[in-house]
Amino acid sequence: MTFKDTIKWMFSKLPMYQRQGKSAYKADLSNSVNLAKHLNNPQERIKFIHVAGTNGKGSTSHMLASILQESGLKVGLFTSPHLKDFRERIKVNGNMISKQFVMGFIKRNEAFLNDNKLSFFEMTSGMAFDYFAKQDVDIAVIEVGLGGRLDSTNIINPKVSVITNIGFDHIQFLGNTLEKIAFEKAGIIKQNTPVVIGEWRKQTEHVFRQIAKEKNAPIFFVDKESVSNYQSDLKGAYQQANIKAVVKTVEVLNTLDFNISKVNLKRGLLNTVKNTGLLGRWQTLQEKPKVICDTAHNKEGLEIVMKQLMTEKFNKLFMVFGVVNDKDLNALVGLLPKQAYYFFCKPDVPRGLDADILAKELKVNGCFGEVCNSVNEALNKAKETASIDDLIYVGGSTFVVAEII
């Protein structure tokens, strides 16, 4: 198989949560354990940082990787989903995994992957661990795919665990209360391993403290700690909370015989995009008219992003907006600017919500505009309509941003 054939096989033959939804979610780690054994347990030969959370785990993972790179380490980074290229998910010092390794991994293990009916994310996690071990990385930053306790990545024993925050997302898998969701995220807390909690919530504090106590894990709530303020090249206002979690994580790492200086820390935060290639976080795509995109896609994420959007200076606001079909629109509509003109679109994935349905639902709540046949058509129409002093925002789903970035 060519690289294109290999990726097509991975996407089409095996369940993939991001495209298919609930049918791809397995409430069990046995497949991941069995694949690791088949690969001679590469995860046992690597130092890790494990990052979970409802929002911010991708940005946090990239900032940590950048800081570790600035410290002279060879750093693996595993994140999801990708925006343009599958290989964005698996990087070493900002360089994507080679096409040859992806093809070779699937070719060598195809029979096992087929026989055991491994999901897309299970096989991708195994591929990442195998690659990082063979690359002999000094440390790897691993972003949880979904939840934590039952996520395919949760077969690792990290040096430190990070949980950025807790919000209502993926409730069909993780539970419909903050306590239940926190319990799933807290599943990454390991025996005698420090855990950094990025955001304190009254409803979830007892969940984290109880599990940390059971695991004899030192626990740090960043909100209750005195953490120095640093700046990053990731410009979203929501990054301030992520930065505090990152700074605290670095402090914890330095108690574990890492040697990350303040200079390394500062440079790492300011060069995250350059060092890791992160895209789609409050990213300005052009000026006059200004076009901003962001991958925020749930209530907590969009709430912060919409507030920041309102701090921008503009004459008219245009929204290129699309979501996936399991999104709770009732939770989002109150956050969306009513003065904007909308170009409704459907992201090009099976889970994409039909643009006509989206427009109908949002119109009831005072969001008016027109339906477009694709994300690119929506953006082009917005650009044609906007004057140089206007602002265009593109978002609602990671997959909407992926199509235009």
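## Reading helices and sheets in a predicted model

Tutor: Helix 6 (residues 120–135) lies across strand 1, strand 2, strand 3 (90–92), strand 4 and strand 5, and runs at about 15° to strand 3. Helices (H or I, at least four residues) and strands (E, at least two) are DSSP runs, numbered from the N terminus. Axes are lines fitted to C-alpha atoms, for helices over the stretch in contact (heavy atoms within 4.5 Å), and angles run from 0 to 180 degrees between N-to-C directions. This is a predicted model, in which local features need pLDDT of at least 70 and side-chain atom pairs count only at pLDDT 80 or more, while totals for chains, interfaces and linings use all residues. Residues are numbered from 1 along each chain as its sequence is written, and side-chain values use heavy atoms, with hydrogens and water left out.

Student: In what order do the eight strands of the open sheet stand?

Tutor: The order is 4-3-2-5-1-6-7-8, with mixed pairing; two strands pair if DSSP finds at least two bridges between them. Helix 4 lies across strand 1, strand 2 (75–78), strand 5 (139–143) and strand 6, at about 170° to strand 5.

Student: At what angle do helix 5 and helix 6 pack?

Tutor: Two packed helices are described by the angle between their axes and the distance between the axes. Helix 5 (residues 99–115) packs on helix 6 at about 125°, and the axes are 11 Å apart. Angles under 35 degrees count as roughly parallel, over 145 as roughly antiparallel, 65 to 115 as roughly perpendicular and the rest as oblique; helix 5 and helix 6 are therefore oblique to each other. Residues of helix 5, including F101, F105 and L113, meet residues of helix 6, among them M123, M127 and Y131.

Student: Which residues are buried in helix 11 (residues 262–270)?

Tutor: An α-helix has 3.6 residues a turn, so residues three or four places apart point the same way. In helix 11 the buried residues (under 20% relative accessible area; exposed is over 50%, partly exposed in between; 1.4 Å probe, protein chains only) are N264, L265, G268 and L269. Down the axis of helix 11 they fall within an arc of 125° (taken from the directions from the helix axis to the C-beta atoms), so they line one face of the helix. They pack against helix 4 (57–70), helix 10 (239–254) and helix 12 (272–276).

Student: How do the six strands of the other open sheet line up?

Tutor: Their order is 9-10-14-11-12-13, and the pairing is mixed. Strand 9 and strand 13 (368–371) are the edge strands, each pairing on one side only. From one strand to the next, the twist averages 25°. Strand 9 (residues 283–286) and strand 10 (residues 290–293) run antiparallel, joined by three bridges. In their hairpin, which has three residues between the strands, K288 takes a positive phi near 55°.

Student: Is L336 buried or exposed?

Tutor: L336 has 3% relative accessibility and therefore counts as buried. Its place is in the loop between helix 14 (329–332) and strand 12 (341–344). Apart from neighbours within four places in sequence, L336 is in contact with M306, F321, Y342, L362 and C367.
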